[in-house]
Amino acid sequence: MNHLDPARHVRGESQYLDDIPVQHGTLYAAVVESPVAHGKLLSIDATAALQLPGVVRVLTAVDIPGENQIGGIVPDEPLLAEGHVHFRGQPVALVLADSEHAAHAALRHVRVEVSPLPIIVDPREAAAQGELIVPPRTFRIGAAEEAWAGCAHVFEGVAESGGQEHLYIETQGAYAFPTEMGGVRVISSTQGPTAVQRHTARVLGVGMHQVEVDVTRLGGGFGGKEDQATTWGALAALGAFVVRRPVKLVLDRMADMRMTGKRHPYSSDFKIGLDADLRIVAYEVTFYQNAGAAADLSPAVLERTLFHATNAYFIPNVTATAYSCRTNLPPNTAFRGFGGPQGMFVIESAIACAAEKLGVTPADIQQRNLLREGDLFPYRQPTEGCHAEQAWNTAAELYDLSARRREVAEFNAAHKLQKKGLAVMPICFGISFTKTAMNQARALVHIYTDGSVGVSTGAVEMGQGVNIKIAQVAAQTLGISLSRVKVESTNTTRVANTSPSAASATADLNGKATQLACLALRERLLRLAATELKINYEGLQIENEQVLAAGKPADTTWEKLVSAAYWQRISLSENAHYATPDLHFNPETNQGYPFAYHVYGTALTTVRVDCLRGTYEVEAVQIAHDFGQSMNPAVDRGQIEGGAVQGIGWMTLEELVFNDEGRLLSNSLNSYKIPDLYSVPKVLDVHFLDTPGHSRAVLRSKAVGEPPLMYGIGTYFALRDAIRAFNPAADISFSAPMTPEKVLVNLHPDFKFTPAPTPAWNSPAPLNSVTTSEDS
C-alpha cells in the first residue's frame with residue numbers, strides 16, 4: 001500500500017495553506033524585522049506607513065492583549081520585540097493591509113530606532129561569557145577520568161558540524177479568522193497544533209478553548225514547523241483578534257530563510273581512549289551548541305545529543321557534557337534527528353581520528369565496539385532487541401564490504417587524479433520523546449451508518465505517510481477495506497492536548513491510539529453479533545468486511561452489523577488514549593528508560609573525488625536497515641532514501657554562513673545549495689533487515705522518520721578517505737560540511753585560496769529603515 005497523497009499532489013488537488021480560498025475582508029500581514037542582530041529598541045514609528053494606501057494597522061508589542069511571550073521550554077521569546085532586539089530578522093511589528101503588495105510596500109516606511117549592543121555569533125564565545133540558555137548537562141557512566149591511565153591509546157580533537165536550512169517546499173504561514181464568541185480559528189502550517197493553540201491563547205489573553213487550530217497537511221516540515229510555526233500562527237491570530245477581520249500571513253522564501261532558525265551548529269571537543277585490542281575504554285566529549293537568541297527547543301535538542309553521544313557503540317566509561325549557548329542568531333530549532341546527528345558526528349570523528357593515527361581503518365574500531373544485547377547506554381537504559389551487529393554483518397555480507405575495499409584500492413592505484421573513498425556508518429537511534437509526558441496520544445473514531453469510518457488524531461501529515469499508516473491501522477483492526485477509512489484534518493477541537501508530529505513517534509503514538517479505539521469498537525460490534533447470531537463471542541472475527549464464526553462466514557456483513565448497532569442504540573464512536581508504557585527518565589540524575597525502543601542499521605558509502613577540481617560524486621549508499629515488521633514498505637523505503645540524501649546534503653553541500661554582524665549570507669537558493677538529482681547516489685539500495693520489530697511500535701513496524709538521516713554522515717568520512725588516498729599527509733580538520741572548496745583545500749594544502757568578496761546583491765538593504773543611536 002502506497003502513500004495516500006501523491007496522486008492528488010501531481011493533479012494539483014492537494015490543499016495547502018496558501019490554496020485556501022480567501023475569505024471576503026481578509027487582510028494580509030507582513031512582518032517588520034529587526035535590521036540588526038542585537039540592540040536596545042528605542043522606538044518604532046509607523047506614521048508614514050499608516051498613510052500609505054491600503055494599510056489598515058501596524059501592530060507592535062503594546063497592542064498585545066495578553067502576554068508577549070511564546071517561549072515554551074524557557075519563557076525567553078517575545079512574539080514582537082520589546083525593549084531589545086536579539087537577532088537580525090526578529091519580528092518587531094506587524095503590518096496589516098488590504099493586499100500583499102500594500103503590506104510589503106509599507107515595511108520600508110516603518111522606522112525602527114535601535115541602539116547597537118555587542119553581537120555574539122560563536123557558541124564558544126557565548127559560553128566563555130556565561131551566555132547559556134540553560135545550565136550545562138552531563139551524562140556519565142563509569143569513570144572516564146580514571147580510565148585514561150589504563151588506555152593503550154588516547155587521542156583528542158575538535159569536531160565542528162554546521163547548521164542546515166529546512167527548506168520545506170511550503171514556507172511558514174497561517175490564516176486566522178475571528179470567531180463569533182470572541183476567539184480565533186487558525187489554519188496553520190504547523191507540526192504542533194497544540195503549541196500554536198497554547199501560545200496564541202497566552203498572547204491573546206484567552207483560554208485555549210477560544211483558539212481552534214486546524215492542519216490539513218504540510219508541504220514539508222523536517223522539524224522546522226514543530227515550534228517555529230507558533231510565531232506566524234500567533235501573529236496572524238493577533239491581527240485577526242485585534243482588527244476582527246481574517247488575516248493571512250505567508251512568508252516568501254527569502255524571508256523564511258532569513259527569519260527562521262535552522263539545525264543547530266555544534267563545536268565539540270573529544271577525547272577517546274582505546275586498549276591494545278582497539279576496544280574503546282573511555283570517551284569524553286564536550287558539546288557547544290549554537291542555540292541562537294532564544295531557547296526554542298534547544299534544551300531538548302541538546303539532551304538528545306547527549307542520548308546519542310555514543311551512537312551504536314558500547315563504551316563503559318563516558319562523560320558527555322553539553323552547553324546550550326545563546327548567540328545573536330535566529331533561534332535554532334528542531335531538525336530531523338533533533339540533536340542526534342550532531343552527537344553521532346563527533347563520536348565518528350573521534351573514531352576516525354584514532355584510526356588514522358593508528359594506521360587502521362575506522363571500521364576496525366567500529367565493528368569491534370558495536371552494541372550487544374544488554375549493554376548499557378550512558379543513561380543506563382539497557383539494549384533490548386539489539387540489532388547493531390546483525391545490521392553490520394548483513395550490510396558487510398550482502399554488499400560485500402571486502403570486495404568494495406579491494407575495488408577502491410585497485411581504482412586508487414590505477415588513477416592519479418581521481419580517488420575513491422569508502423566508509424561504513426552504523427546507527428542506533430532511540431524512538432520516543434525524551435520528555436516522558438509527551439509520549440501520549442488520542443484518537444477519535446466514528447463509524448457512520450453506511451459503514452464508512454472517520455479517524456481524527458493528533459498526527460500531522462507532512463509527506464511522511466502517517467495518514468496512510470493510521471488508515472491502515474483502522475482498516476486492519478476493523479477488518480474493512482481501506483477505501484472506507486478517511487483520516488480527518490488535525491484539529492485541536494476534535495483531539496486536544498496533542499504532542500507535535502516529531503521525534504519519529506507520530507505513527508507509533510497516534511497509530512496505537514487509533515488501534516485502541518478500533519479494538520473497542522470491534523469488540524462492541526462483535527458482542528452484538530454474538531447476541532444476534534447466538535454464537536460464542538470468542539470465535540467471532542471480521543475479515544474483508546465479513547463476520548466470521550470459527551473462520552467461516554456468518555449470516556451478517558460489516559454494513560449489516562453497523563446498521564444493527566445503530567438501531568440497537570450502541571455507540572459507533574470511540575475516543576481512545578495511548579501512553580507509551582514503562583518510560584521514565586530522571587533529569588536530575590540523567591538516568592532512566594527514556595526510549596520505547598531503538599532502531600539500528602548500517603550503510604556502506606562509496607564516493608569518487610576529482611582531485612584536480614575538488615568535485616565529487618556519491619557513487620553508492622547501500623543500507624541494511626531495521627524496519628521491524630514494516631506495515632508499509634513503499635512508504636518506509638521512501639523515508640530511508642529521502643532521509644539519507646538529506647543527511648548527505650548536511651554533510652556535503654549545505655553550508656550556512658553568517659557574518660560577524662549576524663547577517664545570513666547564504667540567504668537564497670543561489671548561495672545555499674541542497675542535493676539535486678545529480679547529487680543523489682548513483683546506487684541507493686535499501687535492504688530490510690529480518691527483525692521482529694517491537695511491541696511498542698505500531699503493528700511492530702518501527703519508526704523510520706529520523707534514523708536514516710544519520711546514514712549521510714558516512715559520506716563525510718568516505719570523502720576523508722578519498723582525500724587521504726590522494727594526499728596521505730593531509731591534516732584534515734573534522735569540519736562539516738565537506739564542501740568541494742574544503743575538499744580542494746585538503747587535497748592541495750599549499751594552494752592559497754582567497755575567497756571572493758561578498759557581492760553587493762548578496763547583502764540586501766534591510767526591509768525597513770533603521771536608525772541607531774550612533775547615527776543621531
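## The largest cavity

The largest cavity has a volume of about 70 Å³. It belongs to a structure that holds five cavities of 30 Å³ or more. On a 1 Å grid over the protein atoms alone, a cavity is a set of points where a 1.4 Å probe fits but cannot get out. Grid points are joined across faces, edges and corners, and a volume is the space filled by probe spheres set on the points.

Of the 13 residues that line the largest cavity, Gln440, Ala441, Ser499, Leu509 and Asn510 are the closest to its centre; a lining residue has an atom within 4 Å of a point. The elements that give two or more residues to this lining are β17 (440-447) and α15 (506-533). Helices (H or I, at least four residues) and strands (E, at least two) are DSSP runs, numbered from the N terminus. By class, the lining of the largest cavity divides into six nonpolar residues, six polar and one charged. Here Ala, Val, Leu, Ile, Met, Phe, Trp, Tyr, Cys and Pro count as nonpolar, Asp, Glu, Lys and Arg as charged, and the others, Gly among them, as polar.

## Basis of the model

This is a predicted model, in which local features need pLDDT of at least 70 and side-chain atom pairs count only at pLDDT 80 or more, while totals for chains, interfaces and linings use all residues. Residues are numbered from 1 along each chain as its sequence is written, and side-chain values use heavy atoms, with hydrogens and water left out.

A pocket is an open set of points with protein on both sides within 12 Å along at least five of seven lines. About 1000 Å³ of space lies in the second largest pocket. It is lined by 34 residues, of which Ile73, Leu297, Ala300, Lys435 and Met438 lie nearest its centre.

Helices α6 (193-204) and α9 (298-307) each supply at least two residues of this lining. The largest share, five residues, comes from α9. The lining of the second largest pocket has 17 nonpolar, ten polar and seven charged residues.

In helix α3 (residues 100-107), the residues Ala102, Ala103, Ala106 and Leu107 are buried; buried means under 20% relative accessible area, exposed over 50%, and partly exposed in between (1.4 Å probe, protein chains only). Seen down the axis of α3, these buried residues fall within an arc of 150°, so they line one face of the helix. The arc is that of the directions from the helix axis to the C-beta atoms. What covers the buried residues of α3 includes β1 (27-33), α2 (47-50), β3 (55-59) and β5 (91-97).

In helix α19 (residues 740-747), Val743, Leu744, Asn746 and Leu747 are buried. The buried residues of α19 fall within an arc of 165° when seen down its axis, and they therefore line one face of the helix. They pack against β27 (597-610), β28 (616-625) and α18 (713-726).

## Backbone details

Most residues other than glycine have a negative phi, and most peptide bonds are trans. A cis peptide bond joins Ala736 and Pro737, with omega about 10°. Pro737 lies in the loop between β30 (734-736) and α19.

Asp400, a residue other than glycine, has a positive phi near 55°. Asp400 is located in the loop between α12 (388-398) and α13 (401-414) and is partly exposed, with a relative accessible area of 36%. Asp582 also has a positive phi, of about 75°, although it is not a glycine. Asp582 sits in the loop between β24 (573-579) and β25 (584-586), and is exposed, with a relative accessible area of 52%.

Methods:
Contact = heavy atoms within 4.5 Å.
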